[in-house]
Amino acid sequence: MKIRPLYDRVVVIRREEEKTSPGGIVIPDTAKEKPIKGEVVAVGNGKVLENGQVRALEVKPGDTVLFGKYSGTEIKVDGTEYLILREDDIMGVLES
Amino acid sequence: MKIRPLYDRVVVIRREEEKTSPGGIVIPDTAKEKPIKGEVVAVGNGKVLENGQVRALEVKPGDTVLFGKYSGTEIKVDGTEYLILREDDIMGVLES
Amino acid sequence: MKIRPLYDRVVVIRREEEKTSPGGIVIPDTAKEKPIKGEVVAVGNGKVLENGQVRALEVKPGDTVLFGKYSGTEIKVDGTEYLILREDDIMGVLES
Amino acid sequence: MKIRPLYDRVVVIRREEEKTSPGGIVIPDTAKEKPIKGEVVAVGNGKVLENGQVRALEVKPGDTVLFGKYSGTEIKVDGTEYLILREDDIMGVLES
Amino acid sequence: MKIRPLYDRVVVIRREEEKTSPGGIVIPDTAKEKPIKGEVVAVGNGKVLENGQVRALEVKPGDTVLFGKYSGTEIKVDGTEYLILREDDIMGVLES
Amino acid sequence: MKIRPLYDRVVVIRREEEKTSPGGIVIPDTAKEKPIKGEVVAVGNGKVLENGQVRALEVKPGDTVLFGKYSGTEIKVDGTEYLILREDDIMGVLES
Amino acid sequence: MKIRPLYDRVVVIRREEEKTSPGGIVIPDTAKEKPIKGEVVAVGNGKVLENGQVRALEVKPGDTVLFGKYSGTEIKVDGTEYLILREDDIMGVLES
């Protein structure tokens with residue numbers, strides 16, 4: 001089963017932060033902050049503006065995005081954990 | 001009796017999560033989170049925008065939808081439990 | 001005396017839920033939740049939108065409607081108890 | 001002196017509820033809820049909408065109107081107690 | 001020095017209520033409610049609406065206006081106490 | 001270094017109230033209310049309205065303005081204390 | 001990796017305040033307020049207005065900007081600490 005998000009919602013899978021900090025120290029799981037990075041899996045058709053216009057989203061499947069720690073709603077489908085966000089929760093796209 | 005929802009409201013019947021977790025373990029009822037999946041039974045005519053335009057909804061009867069645990073209002077009609085949501089409470093549609 | 005509601009307001013008379021539950025058990029009054037069903041008695045001219053357009057209401061006198069338990073304001077006129085709601089408080093219309 | 005209300009404001013004089021309940025029992029003053037009925041004395045020119053249009057009010061002097069118990073601001077002018085409401089506080093007009 | 005208020009602000013000087021109540025009883029200062037009457041001294045150019053239009057105010061210098069007890073900000077200039085209100089704080093104009 | 005404020009923001013330098021009250025009594029610093037008068041040093045390009053129009057500000061550098069005691073954010077640059085306000089925090093301009 | 005901010009967001013790197021106060025006194029770290037100055041690293045495409053128009057931002061990469069102490073969200077990428085702000089959090093641009 002896959003999730004088709006509505007309007008300005010975005011489906012993301014969290015990407016774990018690297019196990020060790022830059023200094024090479026292994027960060028025990030508990031201390032690790034919830035990862036705030038994830039990969040976009042699906043996007044809605046767009047946000048409906050007050051004048052009825054539908055504005056497509058800026059992010060697209062495959063983007064690696066940054067979002068607030070407490071944003072979105074976690075949903076498990078077929079054993080996989082997804083996070084459903086509003087595009088407005090997403091601060092930026094990580095690009096190499 | 002059937003419910004005709006108004007405007008951007010959607011009538012849903014909750015669909016129970018599978019009894020067992022993927023690992024096959026039976027989840028006791030109490031521990032089970034309230035199911036956040038349901039089937040759309042009826043949809044309103046659409047949302048009225050500030051310019052007077054009525055925008056049809058994206059979800060339709062028969063869709064399996066995902067929504068927040070605490071969304072909507074539970075209403076019992078003729079012994080059947082329904083949940084009346086705003087379309088904005090619905091995060092996505094589950095598609096095979 | 002009758003009440004002419006303004007704009008998007010709707011006058012409703014509460015309809016009691018059936019005395020017994022489907023299983024035939026008589027529900028003592030106290031335990032009974034406040035009925036959330038009622039019949040529309042009168043409707044306002046419509047909601048004024050920001051562009052000045054007046055949008056007629058979807059519900060009409062005679063409709064049986066569903067609304068939240070705590071919605072509206074109770075008003076007694078000539079001994080009859082009415083509930084004055086905003087149309088937005090109404091979730092749907094019950095149709096046979 | 002008389003009050004000329006601004007925009008969507010309405011000046012009302014409270015009308016006391018009948019002293020006795022329909023069953024003829026005299027309701028002691030303290031138990032009596034604050035009257036939520038009153039007569040319109042003056043109305044503002046109308047509500048200014050975001051597009052600059054001024055929309056005349058639906059109520060007019062002489063109407064008997066119904067409003068929430070705690071709505072409006074009480075103002076005494078030359079010994080007479082008035083209540084100044086927004087038209088939006090008014091739920092309906094009582095008509096014979 | 002005089003105050004030129006901005007946009008939809010109004011500069012008012014409070015007018016004391018008469019010292020005695022209609023029944024002739026002298027009201028001790030402390031018990032006296034803060035006067036909610038005042039004379040307009042200056043008005044702003046008007047309120048800017050979302051469409052960029054500037055809408056002139058309805059009140060003008062010299063008007064005696066009524067406003068909520070706790071509205072506005074008190075400012076002293078050259079020893080004189082002024083109250084700066086939004087026009088929306090003003091409920092009506094007292095006219096003989 | 002100088003501050004170029006954005007949009008509808010205004011940079012102000014506080015102007016102290018006179019040391020003594022009109023009656024000639026010296027007001028000890030602690031008792032003195034925070035001065036709510038200041039001189040405009042720089043203004044933003046204007047406020048962006050929902051229709052995309054940019055509306056120039058009414059205040060200009062050199063104006064002496066009145067604002068609420070707790071408005072704005074204090075910022076020190078090169079040892080000078082500035083206050084950055086929104087124009088909407090400013091109630092009026094003091095003119096001789 | 002670099003961050004491409006969305007819409008009206010701005011990526012900033014904090015710039016430390018000078019170690020000593022103008023009077024030459026060394027400010028111990030703890031007492032030092034969080035720096036509220038930073039350099040713009042990247043800006044979003046612009047803010048989407050209700051009429052669908054996208055309005056470019058006023059700040060640009062390289063600008064030194066002033067913002068509230070508690071504004072924005074801190075995000076670490078490849079060991080570098082960034083702050084992601086809304087342009088509306090930025091009060092002004094520091095210019096020599």
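**Interface between chain A and chain B**

About 2,000 Å² of area is buried between chain A and chain B, and carbon and sulfur atoms give 54% of it. Within the part that chain A buries against chain B, A:Arg4, A:Leu6 and A:Tyr7 supply 31%, more than any other three residues. The model is a predicted one. Chain A brings 21 residues to the contact and chain B brings 23 residues. A strand of chain A also pairs with a strand of chain B, and both belong to an open sheet of 7 strands.

**Polar and charged links**

- Between chain A and chain B there are 4 salt bridges.
- One salt bridge is formed by A:Arg4 and B:Glu58, whose closest N and O atoms lie 3.7 Å apart.
- A:Arg4 is also one of the three residues named above for their share of the area that chain A buries against chain B.
- Polar contact across the interface of chain A and chain B involves 12 residue pairs, with both residues at pLDDT 80 or more.

**The side of chain A that touches chain B**

- Three strands of chain A, β1 (2-5), β7 (73-77) and β8 (80-86), each supply at least two residues of this side.
- The most comes from β1(A), which gives 4 residues.
- Sorted by class, this side of chain A holds 11 nonpolar, 5 polar and 5 charged residues.

**Strand pairing between the chains**

- β1(A) pairs with strand β9 (residues 90-95) of chain B in the antiparallel sense, over 4 bridges.
- Opposite A:Pro5 stands B:Gly92, a residue of β9(B).

**The sheet that spans both chains**

- The 7 strands of the open sheet follow the order β1(A)-β9(B)-β6(B)-β3(B)-β2(B)-β8(B)-β7(B), and the pairing is antiparallel.
- β1 of chain A and β7 (73-77) of chain B stand at the edges with a single partner strand each, so each has one side without a neighbour in the sheet.
- From one strand to the next, the twist averages 45°.
- Strands of a sheet pair through backbone hydrogen bonds, in either a parallel or an antiparallel sense.

**Pairing within chain B**

- Strand β3 (residues 37-43) and strand β6 (residues 64-67) of chain B run antiparallel and are joined by 3 bridges.
- B:Glu39 has B:Thr64, in β6(B), as its bridge partner.
- In the strand order of the sheet, β6(B) stands between β9(B) and β3(B).

Definitions and conventions
Residues numbered from 1 in each chain as written. Chains lettered and ligands numbered in written order. Predicted model: local features only at pLDDT ≥ 70, side-chain atom pairs only at ≥ 80, totals over all residues. Heavy atoms only, no water. Contact = heavy atoms within 4.5 Å. Buried area = accessible area lost by both parts, 1.4 Å probe. Salt bridge = Lys/Arg side-chain N within 4 Å of Asp/Glu carboxyl O. Polar contact = N/O pair within 3.5 Å; in protein donor to acceptor, adjacent residues only side chain to side chain. Nonpolar A, V, L, I, M, F, W, Y, C, P; charged D, E, K, R; others polar. Pairing = 2+ DSSP bridges. Axes fitted to C-alpha atoms, helices over the stretch in contact; angles between N-to-C directions.
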